[in-house]
Amino acid sequence: MCGAKSKSLMLTGLLFNCLEVIFSANTGFSVSIYNVTSESIYLRWPKFSGASSYKVTARAVNAVGRSLLAHFSDVTLKGTLTSLIPNTVYAIRAEAIDKNGIILAETQIIQSTAPDIPVIDQAYSKLSNSITVEWRAVPGATSYLLAAQEGDSLIEAMVTNSPGTLTGLKPATLYRITIRSINSGGKSQPSPFRKTKTVLAAPVLSVSSPTCDSIVVSWKAVYMAAGFSVSLMRSDGLGRMLKENTTNTSLTFTNLDPGTLYTIKAYAWNANGIPGDDFTSNQRTRPNTPANVQVAFNSGALRAIVSWMPTEGALTYSVTASSGLLELTCNTSSASCVMPSLQCGSEYYVSVTAYNDAGSSKPADTVSLKTIPCAPVNVSIEEDEAGHLLVSWSNVNLSHYYVVFVKSDDGLEVHCNTSHPQCHFQSDCGFTYFISVFAYNKAGQSPLGDVFNYTTAPCCPSDLRAAFVSSDTVHVTWAPVRGAEAYETRAVGWSGTVLCNDTATACTLSALQCNSRYRITVYSFSEARGSNTSCAAKYVATAPCSPEIKNISKEAHSVISVHWHSNNEEATYTVTARGEAGLWHCTSPGNSCTLINLPCGSAFSVSAIARSPAGQSLPSYSVPLETAPCCPDDLILTQVTQSVTNISWTVGTGAQTYITTLESPKGQAKCHTLQNYCLLGCITCSTNYTVSLKAISETGLASSCTYQGYSSSACCPSGVKLYRLSNNGIRVYWQTSDTTAHYNTDLRGSKGNFTCSPSSGRSHCDITELPCGDIYTVVVSPVADKGTKLTFCPKKIYSVTCSGSSVGMVIYRGKSNAEQRI
């Protein structure tokens with residue numbers, strides 16, 4: 001049974017899902033549905049060629065009932081099936097028939113009818129913009145369409161079940177209400193209408209609290225309203241509800257609790273007494289006036305703490321403190337407030353007002369506050385007599401008495417309490433006093449005003465000492481004294497007065513006259529009180545004057561005599577020659593002394609000083625002294641060519657330039673140079689020379705230096721020739737006038753180098769076994785005394801040919817192209 005029922009439900013669902021699905025043969029003939037109601041189905045089809053009529057049959061699926069049959073002519077292409085069962089699935093078959101009754105084409109469609117027409121049980125309005133409708137459920141309906149019509153205005157709402165509500169309506173308006181049932185097949189016809197009127201709109205309230213115990217409610221007139229009802233009750237539910245009916249548009253509720261939140265509700269009714277929408281608003285009454293206002297004054301910070309009892313319903317408080325044209329304000333949410341920046345010497349009137357969202361309370365009664373007096377002004381300090389100070393000032397408003405504090409810079413403090421505007425104090429020299437004056441009343445002590453300082457005259461310096469730095473400079477020291485900021489040192493002599501000002505306890509007196517007597521006094525000084533002129537003096541004598549060097553003379557080698565002008569018979573004089581080479585001294589009580597063993601080539605600065613029991617003079621002006629340059633230790637001569645000789649030497653200390661000279665009976669060669677070498681030309685070979693050198697300083701001082709003699713080399717030979725010898729030998733032949741000279745012969749070729757050295761006096765040399773077929777460079781050079789071979793003689797080129805395996809012809813080719821002459 002359950003299985004059969006399940007299959008039936010599945011079939012029904014399949015049929016519903018197949019609504020408007022057309023089954024037709026492949027003939028091009030079809031039927032469509034264009035409207036469905038509870039008992040009717042509206043069809044249309046296209047004209048089929050050859051058809052003279054159309055037959056439509058409707059059969060209920062799985063429902064007991066008769067089939068419906070309808071015939072239509074060939075000019076009718078749509079039709080209506082009526083008297084159907086609501087909420088029923090029908091199988092609809094359409095056939096196209098010719099004039100002979102033959103079926104040309106056929107098609108089939110499944111379609112459900114709409115649910116049955118619902119019936120409105122009741123329709124009513126509880127809100128001015130809506131109407132609620134109630135009805136009995138219709139079998140097969142999946143939803144319902146509510147409609148409210150007023151004139152040309154139509155408002156619809158889709159709902160799923162009863163009750164349903166139409167919203168967006170106008171207040172106090174009569175509407176025609178209908179309802180349709182809906183399923184997947186379509187919508188039913190509208191139900192019989194029911195006329196229903198929306199209730200009145202709610203009055204829109206404007207609420208305020210003008211006092212702490214009243215609330216005023218007002219509103220605009222409401223359409224079709226005959227009267228209004230307004231109720232008021234505490235929002236916390238305490239107390240009783242107040243309710244008033246009126247035809248006016250405002251009401252006032254009195255005797256309410258201060259600072260309390262109330263809920264106000266109002267609605268209008270029509271001429272039939274039917275109430276409309278209600279409107280709810282909340283309003284708090286203004287707070288009560290704050291009570292028990294108290295003021296606590298803080299004299300040190302010049303501020304007051306104002307406090308009061310908390311007020312019911314107050315959200316914030318405002319505190320004002322007025323003094324003449326000046327008004328200070330403090331806002332807070334607590335029951336106390338700090339009033340800063342109060343002015344001294346003033347009387348303030350303090351009041352507190354409570355606030356909430358309804359407004360402000362009445363201000364509390366004012367409380368008087370007198371602040372501390374201001375600090376005394378026009379303070380003056382004077383030393384009316386030695387050791388006494390008088391402090392005075394102007395009277396201060398609201399002051400009862402005064403206290404003066406006097407603190408010295410050593411930490412000792414005294415004070416004076418008086419009702420008069422002055423006080424007397426004892427004082428000592430050299431002290432700085434810091435003075436503060438305060439005024440007092442019941443509120444406390446005045447703020448700290450200006451702190452004044454007064455400095456008494458400083459004491460005289462003690463333990464005065466004078467020490468000489470030089471003949472015209474004295475260094476004076478003393479012990480520091482109390483109260484002194486600076487010191488003035490004064491030296492008085494026959495030639496004038498010298499002053500020195502400094503903050504230190506020492507002073508150097510310069511530019512004094514040498515060999516003089518001075519009276520020196522040190523005075524203490526402060527900016528506040530000037531100088532103490534009662535200090536004792538000290539007498540001192542200055543050192544000798546500086547000597548003056550008159551001249552310096554050279555007595556002998558390394559001996560210098562220095563002369564000066566003597567200006568003090570008690571003095572002993574010391575002369576110093578200072579240079580890079582060191583220090584040299586000589587001492588004398590007269591006016592000259594001698595410096596000995598001074599090194600050559602040195603520069604000195606010569607000065608003199610004088611010493612006496614009074615001290616030592618400054619050095620005299622320095623006089624420059626230069627000794628002649630030193631002779632070079634070594635001198636080397638090297639012959640470069642037959643007529644040119646190179647001379648070099650070590651550097652002579654102090655020398656800038658040099659003059660070298662080679663001198664012989666045959667002539668003289670000379671060179672002046674900045675270097676330590678020189679080339680001398682025009683030298684005669686085989687000649688003995690005298691060698692001398694002069695070293696000259698930058699200032700022109702010169703030292704003449706002599707050295708060992710020098711002999712030039714032998715002359716180069718002439719007529720150098722090569723001759724062939726038997727047995728592959730070669731003879732080198734030359735000509736010379738010096739029969740004592742010793743020569744050396746060199747032959748250089750690609751096949752070898754060959755040398756021969758004949759004995760002194762000979763003018764030829766033989767070389768055996770010389771390879772033929774080569775070009776040789778031949779040079780014959782004299783040999784120096786020490787055996788050194790000289791290389792500056794000319795080179796000649798010879799070609800030695802071969803005759804078979806033996807030396808052939810010897811041919812002269814000229815001088816060597818590589819030969820260089822200096």
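On a 1 Å grid over the protein atoms alone, a pocket is an open set of points with protein on both sides within 12 Å along at least five of seven lines, a cavity is a set of points where a 1.4 Å probe fits but cannot get out, and lining residues have an atom within 4 Å of a point. This is a predicted model, in which local features need pLDDT of at least 70, side-chain atom pairs count only at pLDDT 80 or more, and totals for chains, interfaces and linings use all residues. Residues are numbered from 1 along each chain as its sequence is written, and side-chain values use heavy atoms, with hydrogens and water left out.

**The largest pocket**

- The lining of the largest pocket is made of 22 residues, and Ser711, Ser712, Ser713, Ala784 and Asp785 are those that lie nearest its centre.
- Of these lining residues, seven are nonpolar, 12 polar and three charged (Ala, Val, Leu, Ile, Met, Phe, Trp, Tyr, Cys and Pro count as nonpolar, Asp, Glu, Lys and Arg as charged, and the others, Gly among them, as polar).
- Strand β55 (635–639) and strand β62 (710–711) each supply at least two residues of this lining, and β55 gives the most, with three residues (strands are DSSP runs of E, at least two residues long, numbered from the N terminus).

**The largest cavity**

- The largest cavity is lined by Pro376, Val379, Ser436, Val437, Gly449, Asp450 and Phe452, which divide into four nonpolar, two polar and one charged.

**A hairpin**

- Strands β25 (residues 316–323) and β26 (residues 326–332) run antiparallel and are joined by seven bridges, where pairing requires that DSSP finds at least two bridges between two strands.
- These strands, β25 and β26, form a hairpin with two residues between them, and Gly324 in the turn has a positive phi of about 65 degrees.

Methods:
Helix = DSSP H or I, 4+ residues; strand = E, 2+ residues; numbered from the N terminus.
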